Amino acid sequence: MTDTTRFEGYGVLVTGAARGIGAATARRFAAEGARVLVTDVDEEEAEKTAAALREQGLAAEAFGCDVGDRTSVESAVARAVAAFGSLDVLVNNAYGCTPDTPLFEDEPDDVWARDLDLTLTSAYRCCRAALPHLVTSGRGAIVTIGSVNGIQGIGNHAYSAAKAGLGSLTRTLAGHAAPRGVRVNLVAPGTVRTTAWAGREDQLEAFRQVYPLGRVGEPEDIAAAVAFLASLDASWITGTTLVVDGGLTAINSAFRLTIS
Ligand SMILES: NC(=O)c1ccc[n+]([C@@H]2O[C@H](COP(=O)([O-])OP(=O)(O)OC[C@H]3O[C@@H](n4cnc5c(N)ncnc54)[C@H](O)[C@@H]3O)[C@@H](O)[C@H]2O)c1
């Protein structure tokens, strides 16, 4: 059940929040009382997402932010502080992953560099801009969205390497920020039904069969984990990775089926 007051008085910034997991996360924080800056490179869609929250009486506004650009990120952080008076939670959700990348041997440097920049360096950029404000908050928290791709050998090489890097960034930044009262954690989702999978229903159905809990994830599954890690219920948790994947990485389904 949603606690409508858990984040009362909080200012929250979510990147890539126009749709998918970011939008569900923005919804979850707003529903629990936070004021949320819905940021996305797609400003028009971000505005629709924020407007839908406002129509439900929740506190949200939109801001165009490209996480690949330092000035854009710094403007978004400044906007959150100006609009809400404080920034208490940063959610690094935006990413870049080039579809249909060529074979490993043929991948051009610029494709590799772009995916790393938009998936790993982007989170660093956002943390760097937000950290002073999160320190001032006194209850500051960063939650970054990783992936099971950063844990197991699956997926696009650059994207997966970047997601693994986010685990390391989470731990090193957690060590740096802990004495200043800011917690830093990572959520690593398995497959989640979002626009990222649009038009690939067959693939999602095939995935469903290998997920031990019998389904792929929904954006709200991830939003709930993000909200937990950002909340005071997690006040003694920092530097950790919370895997939210229906048992995918813990249970070797193929092996299990051979012995049952
Ligand atoms: N969907 C999955 O199966 C899955 C699984 C594991 C991890 N994840 C992670 O969850 C997060 C969200 O994924 P999703 O499935 O909701 O994606 P999505 O494609 O549905 O939404 C991503 C959003 O990010 C925005 N975006 C893209 N580039 C941006 C940029 N440069 N600056 C700002 N915003 C930008 C897009 O406009 C879009 O609104 C990502 O970090 C992704 O790696 C997703």
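The paragraphs below go through a predicted model, from its sheet to one helix and then to its cores. Local features are described where pLDDT is at least 70, side-chain atom pairs count only at pLDDT 80 or more, and totals for chains, interfaces and linings use all residues. Residues are numbered from 1 along each chain as its sequence is written, and side-chain values use heavy atoms, with hydrogens and water left out.

Helices (H or I, at least four residues) and strands (E, at least two) are DSSP runs, numbered from the N terminus. Seven strands, 7 in the order β3-β2-β1-β4-β5-β6-β7, form an open sheet with parallel pairing; two strands pair if DSSP finds at least two bridges between them. Because β3 and β7 (241–244) are at the edges with a single partner strand each, one side of each has no neighbour in the sheet. On average, neighbouring strands are turned by 20 degrees against each other, direction ignored. Angles run from 0 to 180 degrees between N-to-C directions, and axes are lines fitted to C-alpha atoms, for helices over the stretch in contact.

Leu186 stands opposite Thr241 in β7. Helix α7 (residues 219–230) packs on the sheet and touches β4 (89–92), β5 (141–145), β6 and β7; contact means heavy atoms within 4.5 Å. The direction of α7 makes about 165 degrees with that of β6.

Helix α2 (residues 43–55) shows how a helix can have two faces. Ala46, Thr49, Ala50 and Leu53 in α2 are buried, which means under 20% relative accessible area, while exposed means over 50% and partly exposed lies in between (1.4 Å probe, protein chains only). Seen down the axis of α2, the buried residues fall within an arc of 95 degrees, so they line one face; the arc is that of the directions from the helix axis to the C-beta atoms. An α-helix has 3.6 residues a turn, so residues three or four places apart point the same way. The face turned away from the buried side of α2 carries the exposed residues Glu44 and Glu55. The cover over the buried residues of α2 includes α1 (20–31), β2 (35–40) and β3 (59–64).

The largest nonpolar core has 31 residues, and Val187 and Val226 are among those with the most contacts inside it. Such a core is a set of buried Ala, Val, Leu, Ile, Met, Phe, Trp, Tyr and Cys residues joined through side-chain atoms within 4.5 Å. Its largest share, 6 residues, comes from α7. A second, separate core of 25 residues includes Leu37 and Leu173.
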